Amino acid sequence: MSARNRELLGLLPASLLIVAGFGAVFLQEQAKLGNLSLTYGAIFLGLCLAAHLIIRVRLPDADPYLLPIIAVLASIGLVVIYRLNETLARDQAQWFVVGLIAFAATILLLRDYRVLERYRYLIAAASLFLLLLPRIPGIGQQANGAYLGIGLGPVTFQPAEFAKIGIIIFLASYLRDTRALLVSRKRFGITLPRLKHIGPLLLVWGLAMLMLVFIRDLGSSLMFFGGFLAMLYVATDRLIFPVVGFGLFGLGAWFFANTVGHVADRVSAWQHPFDPKLYEQIGGSYQIAQSLFAQADGGVWGQGFGQALISVGDSPILPAAQTDLIYAVIVNELGLIGGIVLLLIYVLFVERGFRIAVLARDSFSKLLATGLTTVVALQVFVIVGGVTKVIPLTGVTLPFVSYGGSSIVANFVIAALLLLISDRARREARR
Amino acid sequence: MNKPIIRVFAVLLVLFGLLAYFTTRWTVIDRAQLQDNPQNKRELLAQQRIARGSILAASGNVLAQSVRRSDGTYARRYPDNGLFAQAVGYSYLNPGTAGLERFYNGQLTGRTAGFEQTLRKLQGKRQQGNDLHTALDPQAQQVALDQLAGRPGAVVALDPRTGKVKVMASVPSYDPNVLRSAKATSTLNAAPGAPLLNRTTAGLYPPGSTFKVVTAAAALDSGLFQPTSTVNGNNGVLISGVPLNNDGGQSYGQIDLTTALTQSINTVWAQVGERVGKTRMSLYMQRFGFGSPVPVDLPADERLASGDYCTSSGRRRLVVATDSCVDIGRTAMGQDKLLATPLQMAMVASAVANHGILMRPQIATRTVDPDGRTAFENTSQQYSRVMSSATADKLTVMMTKVVQEGTGTAAALTGIDVAGKTGTAERDVANNITQPWFIAFAPAADPQIAIAVTIEQTVGGFGGTDAAPIAKAVMESLLR
């Protein structure tokens with residue numbers, strides 16, 4: 001069977017999932033099981049088919065599993081959000097369409113994605129600008145102490161979601177040029193590159209630290225910096241870089257955790273979620289504590305779809321259930337099994353991403369695929385880790401699942417880039 | 001470049017494994033702990049739709065029940081304005097749960113009820129909780145509260161043969177029904193005298209001379225002393241290098257242990273304590289339950305451990321009696337750094353009463369499911385063998401003398417032999433503030449009830465005059 005036919009077949013489970021999911025929500029709400037769920041399923045299937053057709057025409061050799069994996073994740077997200085709030089689900093479905101348009105545009109406009117290398121400094125500068133945008137008075141918005149969003153009329157937009165793509169493109173391109181230089185000089189038996197080569201990389205570290213201070217978001221900064229270190233390691237094959245990098249990051253994080261109030265609050269809420277003072281405090285540990293309580297109620301098999309206790313009257317029991325805590329909602333309703341299955345789907349995505357990186361022929365493609373995949377994986381780790389108290393909870397989205405327009409659109413662009421790399425790699429491999 | 005790519009993948013797999021492990025931790029490993037966290041209101045919210053089981057006294061009187069409201073949810077009601085307020089606890093959305101309501105939450109909601117409840121759910125019936133039966137005796141409880149007459153203090157009585165708790169009175173008390181409103185809750189939390197505190201299990205007081213029963217048990221059971229052994233009972237004997245005084249500065253000369261218990265002579269018991277030594281004292285204290293949170297079926301944060309509390313670098317901490325900060329002579333007569341809960345002192349009386357075997361105190365007897373079947377049985381359990389039966393018999397004779405002709409005559413019942421021990425702990429010597437105590441069991445020949453009574457503060461009161469009459473009234477009610 002050809003790759004594209006496999007992809008088409010792979011979309012079937014996603015559509016079945018979404019029909020069954022909407023059906024379950026309708027049953028729970030004790031509304032009539034109308035053809036509405038079938039309509040939703042049909043529209044979703046139609047959108048996936050459109051994406052599939054674009055890939056079929058423009059990227060015939062691309063990885064056949066990426067799109068079905070994304071479709072499954074998106075359908076899980078849509079169903080859970082629908083179950084939380086019908087209006088939000090409609091918004092999310094619209095963002096899904098916008099995301100697909102961005103996906104198509106990326107594939108159609110970037111026939112040869114390697115042109116991106118030419119604009120790397122422009123891309124880097126634009127990304128930096130995007131990152132700092134939320135701190136500009138007037139349009140910047142603060143949520144839970146972090147500056148992540150900007151308001152453009154009725155739409156809230158999270159520029160960091162796009163900045164991460166830009167920075168990865170820059171790093172992939174920069175590291176391809178300098179990787180040989182970075183490892184060429186040895187002093188005292190260890191790799192010690194010259195300052196002019198390591199300089200821009202130190203800049204990236206400074207950037208991550210800056211994000212801690214200015215954006216005040218530990219999660220995003222961990223995600224960026226982790227992605228950067230993964231690329232640096234792949235580019236140089238020297239363990240010393242990520243080791244020193246993590247050391248520096250840890251040092252900076254420790255410093256800011258003790259000095260910047262908002263970061264310190266998040267850390268103490270993480271350490272003592274049940275401390276009565278932190279629990280009562282606004283922006284304290286209430287959210288993480290409730291997340292753990294919700295998961296405990298889920299048990300192994302979950303309480304059943306549509307059973308989660310989200311709010312009483314107007315007061316939320318699970319704050320930000322549709323974004324930050326969506327994983328807690330999924331574990332509450334579908335249990336440990338549901339959570340593990342979701343994580344496995346992400347593992348599949350990450351595995352496909354790294355497979356693409358391995359298959360790619362040139363360094364830029366390898367680094368780009370590694371960076372994009374690592375960032376998506378780390379984003380899952382940061383938010384699921386936050387919700388499950390592995391690390392302090394910060395507000396990043398669960399890729400393709402959480403409610404949030406910028407996130408959906410940005411992740412579709414990442415998927416498009418991975419498919420572009422994959423198409424070239426597999427075509428070259430076949431020759 | 002492919003090798004490092006695969007290594008990065010491996011690292012990410014480890015991270016995902018961590019996520020899976022933590023999800024498992026919250027959903028399986030720490031599940032019960034999280035669900036019982038008092039800050040966790042999820043179940044309470046869900047429970048608004050569950051008919052929670054009733055809590056019943058031994059007589060069948062209802063101590064707590066759920067009432068259905070017009071909107072289909074249930075609310076908790078406590079008849080008699082909460083006769084057993086601290087023991088039964090409460091179950092409301094705002095303050096959460098406490099007492100038996102919290103400890104037996106799983107049974108009361110039917111969460112831990114297993115197959116039958118699942119079957120009910122499948123049949124489309126509503127989840128319904130199990131009824132909780134206790135050994136609590138409302139009549140005797142009322143007597144205890146009347147006798148304390150509003151004075152802060154505690155009375156706890158149990159059956160020494162089974163450990164079943166019959167009276168658990170803590171004053172000041174409160175009406176749990178008012179906790180329905182959030183405002184009343186914060187008022188009660190800040191109320192003077194801490195009415196929400198269960199003084200029987202979480203009130204720590206110097207036990208005074210009632211502790212001499214523990215010292216006597218160690219002295220006799222170790223074979224170092226007999227009831228007839230004599231010790232110098234003169235005033236001003238040096239204990240840990242500091243002269244110790246008897247009540248009223250009285251000197252007794254060489255005196256036997258039976259008389260020394262009957263007259264509660266401090267200098268004798270301090271010397272006995274020193275001769276028994278820290279190691280043996282520590283061992284016997286442990287057997288009586290000192291050093292561990294008092295073992296009763298109430299939530300962990302409502303139970304404290306009795307024992308020597310030493311202060312080091314500004315923090316008070318529980319130590320074993322062998323610790324260097326302990327003055328074992330003064331501990332042996334119930335002063336110095338020794339603190340005990342009333343339930344712990346009732347356990348002391350109970351161990352002597354039950355021929356040296358200490359039964360674990362239990363409030364609940366069993367739970368019964370909506371179809372009338374016993375869902376859970378709280379069988380009697382031995383906590384420890386404290387002393388030999390022979391030692392317990394000797395001690396019983398000595399304690400009977402206390403009530404017949406010593407400091408505890410006010411506890412004497414007509415026609416029934418009572419064995420007991422008074423205590424009067426000094427709280428503020430300058431202002432003559434004392435804390436009277438009395439521990440006892442009856443009938444001495446065939447003990448059915450063990451009791452501990454204390455009043456937090458009196459001006460110049462004594463265990464024999466202030467606490468013993470309360471014990472007498474409660475025992476009378478229980479043995480009627």
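1. Two strands count as paired if DSSP finds at least two bridges between them. Helices (H or I, at least four residues) and strands (E, at least two) are DSSP runs, numbered from the N terminus.

2. A word on what you are looking at. This is a predicted model, in which local features need pLDDT of at least 70, side-chain atom pairs count only at pLDDT 80 or more, and totals for chains, interfaces and linings use all residues. Residues are numbered from 1 along each chain as its sequence is written, while chains are lettered from A and ligands numbered from 1 in the order in which they are written.

3. How confident is the prediction? The model scores ipTM 0.91 and pTM 0.62. For chain B the mean pLDDT is 90, and 96% of its residues reach 70 or more; pLDDT is the predictor's confidence in each residue, from 0 to 100.

4. Back to the sheet we began with. Its 3 strands lie in the order β14-β13-β15 (chain B), forming an open, antiparallel sheet. The edges are β14 (315-319) and β15 (338-339) of chain B, each with a single partner strand, so one side of each has no neighbour in the sheet.

5. Chain B also has an open sheet of 6 strands, ordered β3-β2-β1-β6-β17-β18, with mixed pairing. Here β3 (74-77) and β18 (374-377) of chain B are the edge strands; each has a single partner strand, so one side of each is left without a neighbour in the sheet. Inside it, strand β1 (residues 55-56) and strand β2 (residues 62-68) of chain B run antiparallel and are joined by 2 bridges, with B:L56 opposite B:V62 in β2(B).

6. Taken as a whole, chain B holds 17 helices and 23 strands. Of its 480 residues, 54% are buried, where buried means 20 or more other C-beta atoms within 10 Å of a residue's own, exposed means 12 or fewer, and partly exposed is in between, with C-beta atoms placed from the backbone. One helix to look at is α17 (residues 463-479) of chain B: 12 of its 17 residues are buried, so it is largely enclosed by the rest of the structure. Among those buried residues are B:G463, B:D466, B:K472 and B:L478.

7. Chain A has 15 helices and 7 strands, and buried residues make up 52% of its 431 residues. Follow helix α14 (residues 363-387) of chain A: at 1.5 Å a residue its 25 residues should span 36 Å, and its end C-alpha atoms are 36 Å apart, which agrees. The expected span is 1.5 Å times one less than the number of residues. In α14(A), 24 of the 25 residues are buried, so this helix is largely enclosed by the rest of the structure. Just after α14(A), A:K389 takes a positive phi of about 65 degrees.

8. Finally, where do the chains meet? In all, 28 residues of chain B are in contact with 41 residues of chain A, contact meaning C-beta atoms, placed from the backbone, within 7 Å. On the chain B side, α1 (2-29), α2 (31-35) and α3 (42-47) are the elements that give two or more residues, and α1(B) gives the most, with 18 residues.

Technical notes:
Two residues are in contact if their C-beta atoms, placed from the backbone, lie within 7 Å.
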